[in-house]
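Subject: Structure for your files

Dear colleague,

Here is the structure I said I would pass on. Please open it alongside this note.

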Amino acid sequence: MSKIYVIHENNEWTEHLFNRLEELELPYEDWSVENGSVDLTSVPPEGIFYNRMSASSHTRGHRYSPELTNAVLAWLEHHGRTVINGSRALQLEVSKVLQYLELEKFGIKTPKTVAAVGKMELLEAAETFKGQKFITKHNRAGKGLGVQLFQSEGALQNYVEGEYFEPSVDGITLIQEYIESPESFITRCEFVGGKFVYAVRVDTSDGFELCPADACTIDDLYCPADKEESPSPSKFQVREDFDHPILKKYEKVLAANNIQIAGIEFIEDKNGEIYTYDINTNTNYNSDAEAKSGKYGMLEVAKFLGGKLSGDIKG
């Protein structure tokens, strides 16, 4: 019997999905890829395959899970299986460089960013941000990895040459202009089946800790699944009736890259200019915000997967 196969490396982030699949009485199988192998001479089972691999897998001891997942997805796609968030989605998940270039291709503004490998190259790249605040972040990130705020090149040099410097797992560190939100929030737009579901407002009023030893509170650090990092339920609030022309652009980006399920984050500056800085293809949802709004992202994901399995949803 055909079923839904969920490819992942983090049980905590799949529990809610499995509960929804069981609620809808949909057959599924857990494909955890913490470790494993792929027999390239074998034929994969029939079914729907949903990739939930995360760029931050290495922080949970699963350093090569994305590489293993890439092999699994290539095998599935070679045999013509239906893959939700396939190999292209994984490419974008593990590279913010690719994300930004893809967003810009569709006329979506991203913060000025320089990618660098090497400490000296990182310091040289910072020279292009003279007179500006800037942040660093990891290219292969998730959970706010490597995100620090700097007021000057000197502060960056102290960080890079100090004991707290945190290299990116792929060696690529990004330097990016700091976009300040006057109301201290970012917006995360959720998509299922490539279509907009809802937007959630994420409070960033805690701001940055300016000491490079302290993690900042922006970007992927605000993971809706991490309740322990949400001191107040109001940190996440669904933006009711949110509508903006950028949503159509986001949908075009997702369609062009064969991404069906994702969260896309943006920030507005004091002039109302929108800067998009993250495409998360392993999206999670905040239960408090959803309970207040009556909108449930993982339920929509389960319904979408069920529709693909039954053939009710084509393409």
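Below is what was found in it, taken by topic.

This is a predicted model, in which local features need pLDDT of at least 70 and side-chain atom pairs count only at pLDDT 80 or more, while totals for chains, interfaces and linings use all residues. Residues are numbered from 1 along each chain as its sequence is written, and side-chain values use heavy atoms, with hydrogens and water left out.

Helix packing

Two packed helices are described by the angle between their axes and the distance between the axes. Axes here are lines fitted to C-alpha atoms, for helices over the stretch in contact, and angles run from 0 to 180 degrees between N-to-C directions. Helices (H or I, at least four residues) and strands (E, at least two) are DSSP runs, numbered from the N terminus.

Helix H1 (residues 15–23) packs against helix H9 (residues 297–310) at about 55°, and their axes are 9 Å apart. H1 and H9 are therefore oblique to each other; angles under 35 degrees count as roughly parallel, over 145 as roughly antiparallel, 65 to 115 as roughly perpendicular and the rest as oblique. On the H1 side, His16, Leu17, Arg20, Leu21 and Glu23 meet Met298, Leu299, Val301, Ala302 and Leu305 of H9, where contact means heavy atoms within 4.5 Å. Seven residues of this contact between H1 and H9 are nonpolar, one is polar and two are charged. For these classes, Ala, Val, Leu, Ile, Met, Phe, Trp, Tyr, Cys and Pro count as nonpolar, Asp, Glu, Lys and Arg as charged, and the others, Gly among them, as polar.

Helix H5 (residues 119–126) and helix H6 (residues 153–160) pack at about 165°, with axes 10 Å apart, and are therefore roughly antiparallel. The crossing of H5 and H6 is right-handed. Lys119, Leu122, Leu123 and Ala126 of H5 meet Glu153, Leu156, Gln157 and Val160 of H6. The contact of H5 with H6 comprises five nonpolar residues, one polar and two charged.

Salt bridges

Side chains of opposite charge can pair when their charged atoms come close. The structure holds 15 salt bridges, each being a side-chain nitrogen of Lys or Arg within 4 Å of a carboxyl oxygen of Asp or Glu.

One of them joins Lys3 and Glu29, at 3.2 Å from N to O. This pair links distant parts of the chain, with Lys3 in strand S1 (residues 3–8) and Glu29 in strand S2 (residues 28–32), 26 residues apart. Lys3 is partly exposed at 21% relative accessible area, and Glu29 is partly exposed at 30% (buried means under 20%, exposed over 50%, partly exposed in between, with a 1.4 Å probe and protein chains only).

Within helix H1, Arg20 and Glu23 lie three residues apart, about one turn of the helix. Arg20 forms a salt bridge with Glu23, with the closest N and O atoms 2.9 Å apart.

Arg63 and Glu67 also form a salt bridge, 3.4 Å from N to O. A network of salt bridges links Arg63, Glu67 and Arg140.

A histidine in S1

His8 is found in strand S1 and is buried, with a relative accessible area of 1%. Not counting residues up to four places away in sequence, His8 touches Thr14, Phe18, Asp30, Trp31, Ser32, Val33, Arg52 and Met53.

Regards

Definitions and conventions:
A crossing is left-handed if the near helix is turned anticlockwise from the far one by less than a right angle, and right-handed if clockwise.
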